[in-house]
Amino acid sequence: MTALAAVFGDRPRRDEPLAGHTTLRLGGPAEVWLAVENVDELMTAVTLARQHHVPIFMLGGGANLLISDAGIRGLVIENRANRVEFPSFEKEKRGEVKIIAESGTVLPNLARRCAKRGLSGLEWAVGVPGTIGGAVVNNAGAYGSDIAHNLSRAELLAPTGKRVWQPVEWFEYGYRTSWLKRNSQQSTVNRQLSRGGGRQSAVSGQSEGWIVLQAELHLTPTPAVEVKARMDEFNRRRKATQPPGATIGSMFKNPPGDYAGRLIEAAGLKGCRIGQAQISPLHANFFQNLGGATATEVMGLIQTARETVEARFGVKLELEIEVVGE
Ligand SMILES: Cc1cc2nc3c(=O)[nH]c(=O)nc-3n(C[C@H](O)[C@H](O)[C@H](O)COP(=O)(O)OP(=O)(O)OC[C@H]3O[C@@H](n4cnc5c(N)ncnc54)[C@H](O)[C@@H]3O)c2cc1C
């Protein structure tokens, strides 16, 4: 903390409640929390934490995280590095275009900026909350596309402390997964839940290994009205099918050939509540915080959904979201 304060002044905060930093609006405190505004600050914060053997947790938009009620030990770095380099409009008119976005860039905002410039490729992302960094780790996607389709390469901070650009193939992308994600906490929690371990405490700091600094995306020049029309249509579909407010979703991955939401609904769990946590009555693969819900209540709902769906249909649902914290 002292080393961080020496560089960042009074910006690092102790015991910062993380509920305000996730889309589900719940979660305990970060032992220390710091928001970084650019890649240099991100590098400095990570380097200092590593020098002092402090565990790091990278927080993007908190759109895919269930943070435990006890919170996260160590340093939570909230990534707000959001510089975007577009080529000149002249270059953009000729053939494929490459842009570079820092990893804290908010994905739907970037999608809208690209649409305004007449660049097609990110229309699917307009309703996908979170940052470029989170999307690169999760292979975020929608409507038949995903970040793997757009990514040329990404710059990472390696565990050795070196900055390195890796091509898209390096990420070994699959459905909502990547090499980075498979080697993180998420897979551990899923394995524990699959063994029937019930409510798990997860150890924070899974992002200590590789950190996404920026991403190069390829896009195609297209009349802005066409790009906007596609985005408007995706927005319209999303508003009709997904709940507003404090939510997280998709909670579970779709099992091969089926939909997690369909299975949970068929198991009679749409609208099911534990305390202030609810399986959305609109879309059963989205969970809601009705106001003051706890992570323990959400974990209870996760367990109920998994057990009921497995008992009724013999399908083991695998978490798409990530459970983190003490
Ligand atoms: C209403 C709603 C709708 C959604 N719809 C979709 C959808 O259609 N498709 C879809 O794919 N997802 C969807 N999601 C999930 C979510 O938007 C994605 O998973 C998104 O990519 C998460 O990004 P984030 O920045 O919020 O990551 P976070 O949730 O903050 O973090 C996720 C993981 O990425 C790691 N991470 C984040 N940034 C970095 C970095 N720079 N370097 C290394 N690791 C990092 C974190 O440590 C964590 O392990 C939805 C979520 C909500 C709430």
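In this predicted model, the axes of helix 4 (residues 107-116) and helix 9 (residues 224-241) come within 8 Å and cross at roughly 150°. Because of this crossing angle, helix 4 is roughly antiparallel to helix 9, the cut-off for that description being an angle over 145 degrees. In general, two packed helices are described by the angle between their axes and the distance between the axes. On the side of helix 4, the residues that take part are Ala 111, Ala 115 and Lys 116; they meet Ala 224, Val 227, Lys 228 and Met 231 of helix 9. Sorted by class, this contact has five nonpolar and two charged residues, and no polar ones.

The protein chain is assigned three domains: domain 1 (2-79), domain 2 (84-236) and domain 3 (243-324). Between domain 1 and domain 2, 20 residues of the former are in contact with 20 residues of the latter. On the side of domain 1 that touches domain 2, two or more residues each come from helix 2 (39-51), strand 3 and strand 5 (72-79). Helix 2 gives the most to this side, with five residues. The classes on this side of domain 1 are ten nonpolar, nine polar and one charged.

The ligand is surrounded by 35 residues, and the closest are Gly 60, Gly 61, Gly 130, Gly 133 and Gly 134. Two or more residues of this shell come from each of strand 3 (56-59), helix 5 (132-138), strand 9 (141-142), strand 13 (211-221) and strand 14 (247-248). Helix 5 contributes the most, with five residues. The shell around the ligand comprises 14 nonpolar, 19 polar and two charged residues.

The backbone also deserves attention. Most residues other than glycine have a negative phi, and most peptide bonds are trans.

| Residue | Phi | Place |

Asp 15 is exposed because 11 other C-beta atoms lie within 10 Å, and a residue counts as exposed at 12 or fewer. Tyr 143 has 16 C-beta neighbours inside 10 Å and therefore counts as partly exposed.

Which form does the peptide bond from Gly 249 to Ser 250 take? This bond is cis, with omega near -5°. Ser 250 is located in the loop between strand 14 and helix 10 (260-266).

Conventions: Residues are numbered from 1 along each chain as its sequence is written. This is a predicted model: local features need pLDDT of at least 70, side-chain atom pairs count only at pLDDT 80 or more; totals for chains, interfaces and linings use all residues. A residue is near a molecule or strand if its C-beta atom, placed from the backbone, lies within 6 Å of it. Helices (H or I, at least four residues) and strands (E, at least two) are DSSP runs, numbered from the N terminus. Ala, Val, Leu, Ile, Met, Phe, Trp, Tyr, Cys and Pro count as nonpolar, Asp, Glu, Lys and Arg as charged, and the others, Gly among them, as polar. Domain bounds come from an automatic or database domain assignment. Two residues are in contact if their C-beta atoms, placed from the backbone, lie within 7 Å. Axes are lines fitted to C-alpha atoms, for helices over the stretch in contact, and angles run from 0 to 180 degrees between N-to-C directions. Angles under 35 degrees count as roughly parallel, over 145 as roughly antiparallel, 65 to 115 as roughly perpendicular and the rest as oblique. A residue is buried if 20 or more other C-beta atoms lie within 10 Å of its own, exposed if 12 or fewer, and partly exposed in between; C-beta atoms are placed from the backbone.
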